[in-house]
Amino acid sequence: MPRAPESGPAAVTTDLSPTEPVDLCRVAADLAADAHDRAARWDQDGGLPDSVRREVAASGLLAADLPERYGGAGLDPLTLGEITARIGGECSALRGLLTVQGMVAAALLRWGTEAQRADWLPRLAGGELTAGFAATEQGAGSALGSVETRIEASGRSDHQELVVSGHKRWVTFGAVADVFMVLGKYEGKPAAVLVDADRAGVDREPVNGQLGMRGARIAHLSFGGVRVPRGQLVAPPGLGLSHVAGTALDHGRFTVAWGCVGMAEACVEDAASHAAVRRQGDITLGDNQLVRSLLARAAVDAAGARQLARRAAEVRAAGPGHGVSETLMAKYAAASAAAEGSRAAVQVLGSAGCAPDSRAGRHFRDAKVMEIIEGAQQVSELHIAERLLRRFGDAARGADRTAGPRLPGESP
Amino acid sequence: MNDITSQITGFLSMALRRQVEPDDDYFAQGLADSLFALELVTFVESRFALTVEVEDLDLDSFRTANRVTEFVRRKIAAPEWGEAHAEGS
């Protein structure tokens, strides 16, 4: 795989203190090796088995960036990223399990009360609970402010209960999750609430045959007047989207970015391996200039995406709330690298890339989904450009200050 | 304008790409995009070395630069933020 030596897996183990993270890197490597052999079957055959999900839960890899006092391993962002890339390079569905658990855990860590953190986080980190993030609706995709799910105070029990009603779509691991972080509206204001999957009124409709992420146990959900304790409301109404979902999505973009780095690198590896040995006529595929062009572009895209993901990880190490812009840019670049790289890999692999068990072919379908979830590419472009206009706009208009203050964590 | 408020209006004017006055309600004016709220929280935390916790999360506290100033003064006067910041990272 065309990676700089300092960013390879070997360097990860040497860069770290010889404690928990090293073990988790090895756990992730073992898991990835297992997924290498089995991911195609999960993709074709009903999704990631519950037994594998339980195995991952027991391994300590879920929400491993949570602090140790909440049951996490306190993984730094870069190590989390490397682990995510390793797994994402083999199986996006499995990576999706890490992503969703991490999103819900990050939102609760940041905006849960101490009681909520103590109650939920150890169970998420320990894998006792699988989490789902239920935001998207039929009429609310990129514009999540339009969600119509209602979260209402119950007339009963002295308003100590909430009633949740609405329909959610495309919930990753929604078919099997134990608890959902649901985005809705409370008295017209965006609000987030945790809903246990086993409460009366929760219905799941598993989705099959979609373009990608076929192994990710995706489901559409219905909440038909589901009653939950008021203590499961996360943050005051009004802040459920901008703060709670915002934090979850930021974390999701970070792990999706790294997952896409892994996908892009895997595609380079598969395409180059094939091009080096596959003969057509008297020459190998790699002897064709046009094939080399495909390989070179894919390799540069993958390497660039890795560096942007590393930069995001470095900025995020400063703590929660840092690196939002860097993460957005990394996710944008990595999703594109995975989509373009998998497209090139399938092209180079030819019929082998179209085969049911092709890793590149599966990444090709999954990478397209990565260009849509956690902010479509075009939405990312709006944000990236907006920050450019902020940064350079004042100077260009001849304002007094030639270089305005930077946003927190913004790189020079 | 005091120093805290001017730092906040400076950030707001940059982030929202227009001159923001101490009493402007930028949320009500529809100037904020979906990343802005988190950026504002992170700016306040970093610049004034404090931690915004869920118990502080009241949209009203962040609605105008003057409100943010009051919030910052309250937090700086309360000493318990140091431990909380360590746990958040």
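Colleague: Let's start with one residue: in which loop of chain A does A:G323 lie?

Modeller: A:G323 sits between α8 (289-316) and α9 (324-349) of chain A. Helices are DSSP runs of H or I with at least four residues, strands are E runs of at least two, and both are numbered from the N terminus. Before we go on, this is a predicted model, in which local features need pLDDT of at least 70, side-chain atom pairs count only at pLDDT 80 or more, and totals for chains, interfaces and linings use all residues. Residues are numbered from 1 along each chain as its sequence is written, while chains are lettered from A and ligands numbered from 1 in the order in which they are written.

Colleague: Is A:G323 buried or exposed?

Modeller: We count other C-beta atoms, placed from the backbone, within 10 Å of the residue's own: 20 or more is buried, 12 or fewer is exposed, and in between is partly exposed. A:G323 counts as buried because it has 27 C-beta neighbours inside 10 Å.

Colleague: How many helices and strands does chain A have?

Modeller: Chain A has 12 helices and 10 strands. Its radius of gyration is 22 Å, close to the 22 Å that the globule rule gives for 412 residues, so chain A is as compact as a globular protein of that length. The radius is taken over C-alpha atoms, and the rule is 2.2 Å times the number of residues to the power 0.38. Of the 412 residues, 53% are buried.

Colleague: Into which domains is chain A divided?

Modeller: Domain bounds come from an automatic or database domain assignment. Here they give domain 1 (5-130), domain 2 (132-237) and domain 3 (242-396). Residues are in contact if their C-beta atoms, placed from the backbone, lie within 7 Å. By that test, 12 residues of domain 2 of chain A touch 10 residues of domain 3 of chain A.

Colleague: Which residues touch the most other members of the largest nonpolar core?

Modeller: A nonpolar core joins buried Ala, Val, Leu, Ile, Met, Phe, Trp, Tyr and Cys residues through C-beta atoms within 7 Å. The largest has 154 residues, and A:A334 and A:C260 are among those touching the most other members. α7(A) gives the most to this core, with 19 residues. Leaving aside neighbours within four places in sequence, the contacts of A:A334 include A:A257, A:C260 and A:A305.

Colleague: How many residues does each chain bring to the contact between chain A and chain B?

Modeller: Chain A brings 27 residues and chain B brings 23. On the chain A side, α7 (240-277) and α12 (377-396) each supply at least two residues.

Colleague: Where does pLDDT stay under 50 in chain A?

Modeller: pLDDT is the predictor's confidence in each residue, from 0 to 100. It stays under 50 over residues 1-21 of chain A. Where pLDDT is low, the predicted coordinates should not be read in detail. The mean pLDDT of chain A is 91, and 90% of its residues reach 70 or more.

Definitions and conventions
Contact = placed C-beta atoms within 7 Å.
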